[in-house]
Amino acid sequence: MQMAKPSLVILGTRGIPASHGGFETFAEKLALFLVRRGWHVAVYCQNEVTVVTERIRTSVWNGVELLHVDVASRGPKATLEFDWHCVRDAARRDGVCLVLGYNGAVFLPYLRLAGRKVLTNMDGIEWKRPKWSLPVRAWFWINEWIAAWSSQRLVADHPAIADHVATRRSRSAIATIPYGGDPIPEAPEGPIRALGLEPDRYLTSIARIEPDNNILTMVKAFSRQRRTFKLVVLGTLLPDNPYHAAVRAAASDEVMFPGAIFDAETLRSLRFHARAYLHGHTVGGTNPSLVEALWAGNAVIAHDNPFNRGTAGPQQTYFADERTCEDRIATAIADPIAMRAAGGAALARAAEHFDWTTILTAYEAEIIALGGYAGAPAGMAGSAVAR
């Protein structure tokens with residue numbers, strides 16, 4: 001029976017309002033976008049408790065139904081417990097199920113057996129990350145295959161991810177839709193001056209401090225000589241993590257480690273007033289932090305791989321190792337005119353390829369087509385946002 005109101009259930013994130021990462025931000029953007037367009041949207045939210053007294057309770061936030069799932073476990077076990085209870089509940093609900101990521105895909109066959117329509121965003125190639133042990137990588141690899149075959153439709157957020165997913169499923173089952181970002185037309189100087197920084201006199205890195213993000217490579221490259229500039233490395237440094245200790249040991253006194261900053265205004269100011277943005281990610285698709293740098297008009301110095309080139313474009317600069325990274329940093333510091341030109345190119349690319357309205361409309365078309373809802377925009381259902 002055709003439902004009066006099209007419906008979407010979002011699984012795979014810690015929940016909204018967003019406070020954790022890219023998928024949460026995307027879930028919030030899509031949920032609010034669809035609610036404004038007359039949809040019913042429900043989002044599962046993980047709630048870690050000591051004792052479970054009510055497994056699932058509901059609330060409403062800006063017209064979005066929030067499904068709060070209590071879990072009493074911690075760590076990876078909590079995530080699996082959360083995913084299982086979300087899938088069990090979603091199997092009883094009407095509407096399309098949008099699953100963000102495949103880390104808990106082992107439960108997706110349950111949704112298919114219940115007759116649900118499943119659209120899965122395949123995220124990055126998680127099992128290739130060197131930080132994971134062999135058993136964990138095997139788990140991700142198996143779940144990637146399960147997600148690919150348990151979902152009616154798959155979304156890749158980057159052409160290189162689409163190429164990879166096409167080794168698991170036919171390309172006819174895959175839509176390519178990138179991640180989006182918000183313009184930063186201006187930002188106050190106060191937040192950066194409070195950190196001891198001056199506009200256009202520093203570089204930024206905003207990422208998890210992990211080997212596959214090349215943080216150590218970038219810190220070493222910057223610290224090989226005096227710069228009269230600052231490098232601001234955002235991210236959590238743990239005292240008992242050997243890689244984090246190596247990053248600290250390699251840093252000159254011109255490298256700043258302010259920790260993980262979540263205040264939106266401070267982050268906007270740090271991006272907007274930076275001379276350039278350093279991006280060392282080697283695994284993944286369209287990285288949210290890189291997209292946000294483009295929208296801030298940042299010149300980009302990125303690790304040279306198809307994911308970063310496909311996102312930032314040919315007008316930005318790339319490095320393969322510590323030596324080439326040092327060369328790119330030296331150029332950024334010595335040539336502000338070139339960096340302003342690269343920043344302008346970054347903004348133009350963001351506007352052309354990473355506009356939220358275009359991206360969310362493409363998702364809506366996919367969901368309409370999969371759910372069989374009336375009124376799909378002509379020519380949009382099943383389409384891809386290409387780059």
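This briefing covers the overall fold, the surface and charges, and the cysteines of the protein. The model is predicted, so local features need pLDDT of at least 70 and side-chain atom pairs count only at pLDDT 80 or more, while totals for chains, interfaces and linings use all residues. Residues are numbered from 1 along each chain as its sequence is written, and side-chain values use heavy atoms, with hydrogens and water left out.

**Overall fold**
- The protein has 14 helices and 14 strands, counted as DSSP runs (helices H or I, at least four residues; strands E, at least two).
- Its radius of gyration is 21 Å, which agrees with the value near 21 Å for a compact globule of 387 residues; the radius is taken over C-alpha atoms, and the globule rule is 2.2 Å times the number of residues to the power 0.38.
- Of the contacts with a separation of 6 or more, 65% join residues 24 or more positions apart (contact: heavy atoms within 4.5 Å).

**Surface and charges**
- Buried residues account for 54% of the 387 (buried: under 20% relative accessible area, 1.4 Å probe, protein chains only).
- There are 41 positive and 38 negative side chains, with the centres of the two sets 4 Å apart; Lys and Arg count as positive, Asp and Glu as negative, and His and the chain ends are not counted. Each charge is placed at NZ of Lys, CZ of Arg, CG of Asp or CD of Glu.

**Cysteines**
- The disulfide count is zero (disulfide: a pair of cysteine sulfur atoms within 2.5 Å).
- Cys86 is buried at 1% relative accessible area, and its sulfur is too far for a bond because the closest cysteine sulfur, in Cys45, is 8.7 Å away.
- Cys97 is also buried, at 1%; its closest cysteine sulfur, in Cys86, lies 10 Å away, too far for a bond.

Conventions: Buried means under 20% relative accessible area, exposed over 50%, partly exposed in between (1.4 Å probe, protein chains only).
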